[in-house]
Amino acid sequence: MAEMGSKGVTAGKIASNVQKKLTRAQEKVLQKLGKADETKDEQFEQCVQNFNKQLTEGTRLQKDLRTYLASVKAMHEASKKLNECLQEVYEPDWPGRDEANKIAENNDLLWLDYHQKLVDQALLTMDTYLGQFPDIKSRIAKRGRKLVDYDSARHHYESLQTAKKKDEAKIAKAEEELIKAQKVFEEMNVDLQEELPSLWNSRVGFYVNTFQSIAGLEENFHKEMSKLNQNLNDVLVSLEKQHGSNTFTVKAQPSDNAPAKGNKSPSPPPDGSPAATPEIRVNHEPEPPSSATAGASLPKSPSQSSLPAVVVETFSATVNGTVEGGSGVGRLDLPPGFMFKVQAQHDYVATDTDELQLKAGDVVLVIPFQNPEEQDEGWLMGVKESDWNQHKELEKCRGVFPENFTERVQ
């Protein structure tokens, strides 16, 4: 019997909830159609808008803070790897080895401490702050449902009062339901009317505390890191003094005929391969003309005078895309002014919009600079063969690249 009673109660509750949902849905439809008035509270609606804005801002701040923490962790790992590299190359008989190792240990501890304090003083506080929003959001939604119940009970009571045949018993019951619905709604409404403005005003203090904590932690971190870096610098200065005769010095090697501005300096390849110091052989003795060009007077390109003979020989084979002295068939498969091909021996990451991004193995068709004065020492102008075959447009595809990352293949 108890089980039957329990099932009966459950079934009755389900039926009551279903009826409530149907009544609310009907009321909302009537309100949207303008057949029933809706209780409005503009002040509360403004509070809800502020709440949603505050939640959106807090969620974004939490996301960006987590991204910042991930970056700190990644930087820690990179710094750790760099210090490990220093420890490996620092030979046992060099002075300051123990000091350098100790600095590396302190560097690692400083990164760990910084990350942990950010978690404790910023991220956990952020999580606590956002933790109050779900409950309030649920209560706002519930208040909306109770407001619909109140409007529905009010409309039902008013319709019974204005009916031609009044049923006093039904009117009394409808009035009782109206009072009950109004009481439930007002209790929730009063609580939220107090909490929402208070929560909205709390955001200022929270933002101030959060960013003050982050700024203070970062300031202290950089101060301590600066001390460690200064100590490491002192150790390395001491090492340099002892091995001063073997110090590696970077010296500029300007070319006599290179432009003075020197906008670009080619980067060294990743390893010590021969490509790092390419051997350029300039043939100053003109070779006898081949049978294909014998007796033909080749027009001279305006830019040939500034090119070495090895470039001139290649360039003279094509003028405006046409083979001179041969069959006269145009070399339409190559870009205008094509000089020779090179192949990338190493990956090169472009650092400017006018540079080519290269992968080891890429073939580049070398072409002359439109303005020879713009060419910096150690740099060539070209278009990747794959891009040229696909687009046939120099304006979109050409760019400069460091010569020492490539090797001539044709």
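Trainee: Where do I start? How many helices and strands does the protein have?
Mentor: There are 8 helices and 7 strands in this predicted model. The protein has 410 residues, and 30% of them count as buried.

Trainee: And the contacts, what share joins residues at least 24 apart?
Mentor: Take the contacts between residues at least 6 apart in sequence: 72% of them join residues at least 24 apart.

Trainee: Let's talk helices. At what angle do H2 and H4 pack?
Mentor: Helix H2, residues 42–89, packs against helix H4, residues 133–161, at about 150°. Their axes are 12 Å apart. With that angle, H2 is roughly antiparallel to H4.

Trainee: Which residues make that contact?
Mentor: From H2 you have Phe44, Val48, Phe51, Gln54 and Leu55. From H4 come Phe133, Ile136, Lys137, Ile140 and Arg143.

Trainee: Is the crossing left-handed or right-handed?
Mentor: H2 passes H4 in a left-handed crossing.

Trainee: Why do you quote both an angle and a distance for helices?
Mentor: Because two packed helices are described by the angle between their axes and by how far apart those axes are.

Trainee: OK, new topic. How many salt bridges does the structure hold?
Mentor: It holds 15 salt bridges. One of them joins the side chains of Lys117 and Asp113, at 3.3 Å from N to O.

Trainee: Where do Lys117 and Asp113 lie?
Mentor: Both are in helix H3, residues 97–130. They sit 4 residues apart, about one turn of the helix.

Trainee: Which residue does Lys227 form a salt bridge with?
Mentor: Its partner is Glu224, with the closest N and O atoms 3.6 Å apart. Lys227 and Glu224 are 3 residues apart in helix H5, residues 168–242, so about one helical turn separates them. Glu224 counts as partly exposed, at 37% relative accessibility.

Trainee: What about Glu385 and Lys341, how far apart are their closest N and O atoms?
Mentor: In that salt bridge the closest N and O atoms are 2.8 Å apart. Glu385 is in helix H7, residues 385–391, and Lys341 is in strand S3, residues 340–344, so the pair ties together parts that are 44 residues apart in sequence.

Trainee: Which of those counts as buried, and which as partly exposed?
Mentor: Lys341 is buried, with a relative accessible area of 15%. Glu385 is partly exposed, at 23%.

Trainee: Which residues are linked with Arg139 in a network of salt bridges?
Mentor: Asp135 and Glu195 are linked with Arg139 in a network of salt bridges.

Trainee: Switching to Lys384. Where is it found?
Mentor: Lys384 is in strand S5, residues 379–384.

Trainee: Why does Lys384 count as buried?
Mentor: Because its relative accessible area is 18%, and buried means under 20%.

Trainee: What lies 3.0 Å from a polar atom of its side chain?
Mentor: That's the backbone oxygen of Gln357. Leaving aside neighbours within four places in sequence, Lys384 is in contact with Leu356, Gln357, Leu358, Asp362, Val363 and Val364.

Trainee: And Ile367, buried or exposed?
Mentor: Ile367 is buried, at 3% relative accessibility. You'll find Ile367 in strand S4, residues 363–367.

Trainee: Which residues does Ile367 touch?
Mentor: Not counting residues up to four places away in sequence, Ile367 touches several, including Pro335, Phe338, Met381 and Leu394. Ile367 and Phe338 are 29 residues apart in sequence, yet their C-alpha atoms are 4.8 Å apart in space.

Trainee: What about Lys392, what's its phi?
Mentor: Lys392 has a positive phi of about 60°, although it is not a glycine. Most residues other than glycine have a negative phi.

Trainee: Where is Lys392 placed?
Mentor: Lys392 is in the loop between H7 and helix H8, which covers 394–397. At 39% relative accessibility, Lys392 counts as partly exposed.

Trainee: Last one: where's Glu403?
Mentor: Glu403 sits in the loop between strand S6, 399–402, and strand S7, 406–408. Glu403 is partly exposed, with a relative accessible area of 25%. Glu403 and Leu380 are 23 residues apart in sequence and 6.0 Å apart in space, C-alpha to C-alpha.

Terms used: Residues are numbered from 1 along each chain as its sequence is written. This is a predicted model: local features need pLDDT of at least 70, side-chain atom pairs count only at pLDDT 80 or more; totals for chains, interfaces and linings use all residues. Side-chain values use heavy atoms; hydrogens and water are left out. Helices (H or I, at least four residues) and strands (E, at least two) are DSSP runs, numbered from the N terminus. Buried means under 20% relative accessible area, exposed over 50%, partly exposed in between (1.4 Å probe, protein chains only). A polar contact is a pair of N or O atoms within 3.5 Å; within protein, one must be able to donate a hydrogen and the other to accept it, and residues adjacent in sequence count only if both atoms are side-chain atoms. Contact means heavy atoms within 4.5 Å. A salt bridge is a side-chain nitrogen of Lys or Arg within 4 Å of a carboxyl oxygen of Asp or Glu. Axes are lines fitted to C-alpha atoms, for helices over the stretch in contact, and angles run from 0 to 180 degrees between N-to-C directions. Angles under 35 degrees count as roughly parallel, over 145 as roughly antiparallel, 65 to 115 as roughly perpendicular and the rest as oblique. A crossing is left-handed if the near helix is turned anticlockwise from the far one by less than a right angle, and right-handed if clockwise.
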